[in-house]
Amino acid sequence: GLFPINETELGLYALDVSGHGVSAALMTARLAGLLSAQSADENLVLKREKSGRLVPRDLGDVLREMNHLLLREIETDHYATLFLAVLNLRSGKMQIAKAGYPPALILRKKGRVQVLDCGGMPIGLIEGAEYRSFGAHIRSGDRLLVVSDGITETMSPDGKLLETPGLSHWLKENAARAAPDVLPQLFQDARAYSGKSRLDDDVSGLVLDFQR
């Protein structure tokens with residue numbers, strides 16, 4: 001999902017709740033509601049300055065608060081992994097925090113893939129878990145790809161996991177694809193890699209092409 005913050009900044013997130021079925025879907029909706037674009041004053045990422053302008057909080061603090069909420073105020077056996085970022089649409093600078101989510105990838109304009117892999121454990125497991133934000137920089141012509149572990153943990157018939165190196169290779173090989181075609185093709189190719197008509201886990205993802 002995504003949510004506007006102010007005239008120059010955009011929030012991005014990818015969320016994966018453990019388990020399957022109705023209870024997992026309801027928990028996903030509840031956590032996504034904490035990052036809602038519909039009610040800025042209830043979005044955990046945002047704070048309002050005295051002028052009234054919305055600005056982002058430190059994303060490590062946001063994940064710590066979400067972890068506390070999941071453990072203390074939301075009665076559930078589920079835990080969640082999360083990728084959370086704030087992108088400056090003018091400079092391309094990003095603030096990122098991760099909670100157990102697979103590494104995000106940036107495909108650079110010249111073809112190199114940068115792996116963004118710095119983050120804490122899933123939220124909803126341990127009270128007091130530490131989360132820290134880190135920075136990255138996306139430039140014009142770059143592509144950001146974030147996918148759930150249903151993709152990175154796809155296993156071939158001979159038992160080999162796709163993992164981040166395999167996904168990085170796929171991203172480079174499919175650099176010419178238009179952004180709307182990336183995820184459908186990735187999901188199709190992941191099924192082909194597994195040798196099955198459908199994947200064992202649910203999958204989701206986010207693709208962003210940065211142009212300015």
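In strand β9, Phe-134 is the bridge partner of Ile-96. The model is predicted: local features require pLDDT of at least 70 and side-chain atom pairs pLDDT 80 or more, while totals for chains, interfaces and linings use all residues. Residues are numbered from 1 along each chain as its sequence is written, and side-chain values use heavy atoms, with hydrogens and water left out. Helices (H or I, at least four residues) and strands (E, at least two) are DSSP runs, numbered from the N terminus.

Strand β6 (residues 93-99) and β9 pair in the antiparallel sense over four bridges; two strands count as paired if DSSP finds at least two bridges between them. They belong to an open sheet of five strands, in the order β1-β2-β5-β6-β9, with antiparallel pairing. At its edges are β1 (2-4) and β9 (134-137), each of which pairs on one side only. From one strand to the next, the twist averages 25°. Strands of a sheet pair through backbone hydrogen bonds, either parallel or antiparallel.

Helix α1 (residues 21-33) lies across β2 (9-17) and β5 (80-88), and runs at about 160° to β2. Helix α2 (residues 59-72) packs on the sheet and touches β5 and β6, its direction making about 150° with that of β5. Axes here are lines fitted to C-alpha atoms, for helices over the stretch in contact, and angles run from 0 to 180 degrees between N-to-C directions. Contact means heavy atoms within 4.5 Å.

Strand β6 also holds Lys-98. Is this lysine buried or exposed? Lys-98 counts as buried because its relative accessibility is 3%; buried means under 20% relative accessible area, exposed over 50%, and partly exposed in between (1.4 Å probe, protein chains only). A polar atom of the Lys-98 side chain lies 2.8 Å from the backbone oxygen of Tyr-101. Not counting residues up to four places away in sequence, Lys-98 touches residues including Leu-63, Leu-82, Asp-117, Tyr-131 and Phe-134.

Leu-144 stands opposite Leu-208 in β11. The covered face of β11 carries Leu-206 and Leu-208, and its uncovered face Gly-205, Val-207 and Asp-209. In a regular strand the side chains alternate between the two faces of the sheet.

In α4 itself, Thr-164, Leu-167, Ser-168, Trp-170 and Leu-171 are buried. Seen down the helix axis, these fall within an arc of 165°, so they line one face of α4; the arc is that of the directions from the helix axis to the C-beta atoms. Pro-165 and Glu-173, on the other side, are exposed. The cover over the buried residues of α4 includes β7 (104-107), β8 (113-116), β10, α3 and α5.

Helix α5 spans residues 179-194 and includes Val-182. Val-182 counts as buried because its relative accessibility is 1%. Leaving aside neighbours within four places in sequence, Val-182 is in contact with Arg-143, Leu-145, Trp-170, Arg-177 and Val-207. Just after α5, Gly-195 takes a positive phi of about 75°.

Technical notes. A polar contact is a pair of N or O atoms within 3.5 Å; within protein, one must be able to donate a hydrogen and the other to accept it, and residues adjacent in sequence count only if both atoms are side-chain atoms.
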